[in-house]
Amino acid sequence: MAFWIVWLVIGIFFILLFCATVIPKIMLRTYAATLPVRVKAVGRYEDKYGDVVVFSPPSQVRRYIKSYLVGSCEKGMYFRGEWAKTAAYVEYELTVYGADNSVLEILRVKEKFNGGQYTRDTLLPAGTDYVTLRIVCVDDDPIPAERRAFNPKYALWLTALSLCIAVSADLILWLGGTFALRCLDRFTMELSLPASSWAAILGFTALAAVAVTWLISLGGFFMRKKRKGDEEE
């Protein structure tokens, strides 16, 4: 009995570890694949820590933050924006890219206007190459997000996400089902399901997980596009 309990606990631990480490990274890349990458370097200079690159954001963002820079300091790389408009409260999103155009991190920054010329400095992960900026909310008024059209990169990451969720669901079901059988036969291993039954159960579970993941993701994707189209009308 003790063996099966330890077996169940260890199995669930590794599945949860996988879900906590791998799936969020794939979700990040799936979300990033819907974001337009519009970044324009308009200046470059050096300070005592190295190169500082000045970027011009899209026109929608320039109403609030007219430019921003990515530089280095004693704590590492940082982001700093230059205010174009006074607001009591601004929330913005920084999508951080590496040298190979891969997404390193997406940061949400909530900031009250401090009366100064610049936003506060936001530390960026090591290896940052450039940053895109999106305004999320100004003075409690949300700013609709711009989204890319459905594209192969988004479909690829969504497929990877749905497969990871399907595998995790199958493993949890197999562990739980096997442990339940052991409990029913008092750990004598007399009860078992045929391989064909396991194949059918796990196959339908995987298909259901993939279908639900795609429906939720695509539903959200196209509903956002529809809402944006309605607002433009």
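**Close-up 1. Glu93 and Arg108 meet through their side chains in a salt bridge, at 3.0 Å from N to O.** This is a predicted model, so keep that in mind for every view here. Glu93 sits in strand β5 (residues 89-97) and Arg108 in strand β6, so the bridge ties together parts of the chain 15 residues apart in sequence. Arg108, with a relative accessible area of 47%, is partly exposed. The pair also belongs to a network of salt bridges that links Glu91, Glu93, Arg108 and Arg134.

**Close-up 2. Lys66 and Glu82 make a salt bridge, with 3.5 Å between the closest N and O atoms.** Here, too, distant parts of the chain are linked: Lys66 belongs to strand β3 (residues 65-73) and Glu82 to strand β4 (residues 76-83), 16 residues apart. Lys66 has a relative accessible area of 40%, so it comes out as partly exposed. Glu82 is down at 16%, which means it is buried. In total, the structure holds seven salt bridges.

**Close-up 3. Arg182 and Asp185 join side chains in a salt bridge, 2.9 Å from N to O.** Buried or exposed, what are Arg182 and Asp185? Both Arg182 and Asp185 are buried.

**Close-up 4. Helix α1 covers residues 2-32 and bends by about 30 degrees at Ile23.** A proline, Pro24, follows within four residues of the bend.

**Close-up 5. The buried residues of α1 include Trp4, Leu8, Gly11 and Ile15.** Further along the helix, Ile23, Ile26, Thr30 and Ala32 are buried as well. An α-helix has 3.6 residues a turn, so residues three or four places apart point the same way. What covers the buried residues of α1? The cover includes β6 (103-112) and α3 (152-184).

**Close-up 6. Ser56 lies in strand β2, which runs over residues 50-56.** Ser56 has 18% relative accessibility, so it counts as buried, the limit being under 20%. Which residues does Ser56 contact, leaving aside its neighbours within four places in sequence? Ser56 is in contact with Lys40, Val42 and Arg62.

Note on methods: Residues numbered from 1 in each chain as written. Predicted model: local features only at pLDDT ≥ 70, side-chain atom pairs only at ≥ 80, totals over all residues. Heavy atoms only, no water. Helix = DSSP H or I, 4+ residues; strand = E, 2+ residues; numbered from the N terminus. Buried < 20%, exposed > 50% of the residue type's maximum accessible area, 1.4 Å probe, protein only. Contact = heavy atoms within 4.5 Å. Expected span 1.5 Å × (residues − 1). Bend = angle between axes of the 7 residues up to and from the residue. Salt bridge = Lys/Arg side-chain N within 4 Å of Asp/Glu carboxyl O.
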